[in-house]
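These are my notebook entries on a structure that I had not examined before.

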Amino acid sequence: MPPRSAEASRKTKETDISVSVHVDGSGKSDIATGVGFFDHMLDQLSRHSLIDMTVKAKGDLHIDDHHTVEDTGIALGQALTKALGERRGIMRYASIDLAMDETLTRAAIDVSGRPFLVWNVSFSSPKIGTFDTELVREFFQALAQNAGITLHVTNHYGANNHHIAETCFKAVARALRAALERDPRQPDAVPSTKGSLKG
């Protein structure tokens, strides 16, 4: 089977981002966005999806973190789309309830070629340290849109905002890992009655 690897870059007046992914990796990451909490979350995304990721981002952090976080999601989604190609032989669907201490979050995914995000997550504070909690949704919106995936994320309960954010990233990672696994029963088939997963 050909390697499922790709690169993507995005350069605007606001950000300069380069991303590489290897879907069949071991969860190694090399992340540097200039946003410490976001780097930590991307490390979790790589580690638990087993997708090797390199992310280098320079953004207008003197304004805020928004453009850097959103544009990283765009570039990462574009790299995943390239790496998956026709999406042959993938399991396609997956869901998981992921626990972390007092917090429980569900992620359900369809690697469908049709981007959609359903986001049922609330935070009790606008910040985790210096990081805007609303940017968690912005990242996953950009990722889903550009990776061509349907993604539902629901936080069932939780008290600690760091835990809530982290379970979102870990749950999505684990769902991605399962959905992108090769299906041994149909290793060369596109898992759709339409014969295409391009939207």
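Entry 1, terms. I take helices and strands as DSSP runs, of at least four residues (H or I) for a helix and at least two (E) for a strand, numbered from the N terminus. I note that the model is a predicted one.

I looked up Val-121 and found it in the loop between strand S7 (116-120) and strand S8 (127-128). Is Val-121 buried or exposed? Its relative accessible area is 11%, and since buried means under 20%, Val-121 is buried. Leaving aside residues up to four places away in sequence, I found that Val-121 touches Val-153, Thr-154, Asn-155, Ile-164 and Cys-168.

Helix H3 (residues 134-147) and helix H4 (residues 161-180) pack at an angle of about 15 degrees, their axes 10 Å apart. H3 is therefore roughly parallel to H4. I noted the crossing as left-handed.

I then turned to H1 (residues 36-49), which reaches 20 Å from its first C-alpha to its last. Ten of its 14 residues are buried, so H1 is largely enclosed by the rest of the structure. Among the buried residues are Phe-37, Asp-39, Leu-42 and His-48. Leu-42 and Val-121 lie 79 residues apart in sequence and 18 Å apart in space, C-alpha to C-alpha. After H1 comes Leu-50, with a positive phi near 65 degrees.

Notes: Residues are numbered from 1 along each chain as its sequence is written. This is a predicted model: local features need pLDDT of at least 70, side-chain atom pairs count only at pLDDT 80 or more; totals for chains, interfaces and linings use all residues. Side-chain values use heavy atoms; hydrogens and water are left out. The expected span of a helix is 1.5 Å times one less than its number of residues. Buried means under 20% relative accessible area, exposed over 50%, partly exposed in between (1.4 Å probe, protein chains only). Axes are lines fitted to C-alpha atoms, for helices over the stretch in contact, and angles run from 0 to 180 degrees between N-to-C directions. Angles under 35 degrees count as roughly parallel, over 145 as roughly antiparallel, 65 to 115 as roughly perpendicular and the rest as oblique. A crossing is left-handed if the near helix is turned anticlockwise from the far one by less than a right angle, and right-handed if clockwise. Contact means heavy atoms within 4.5 Å.
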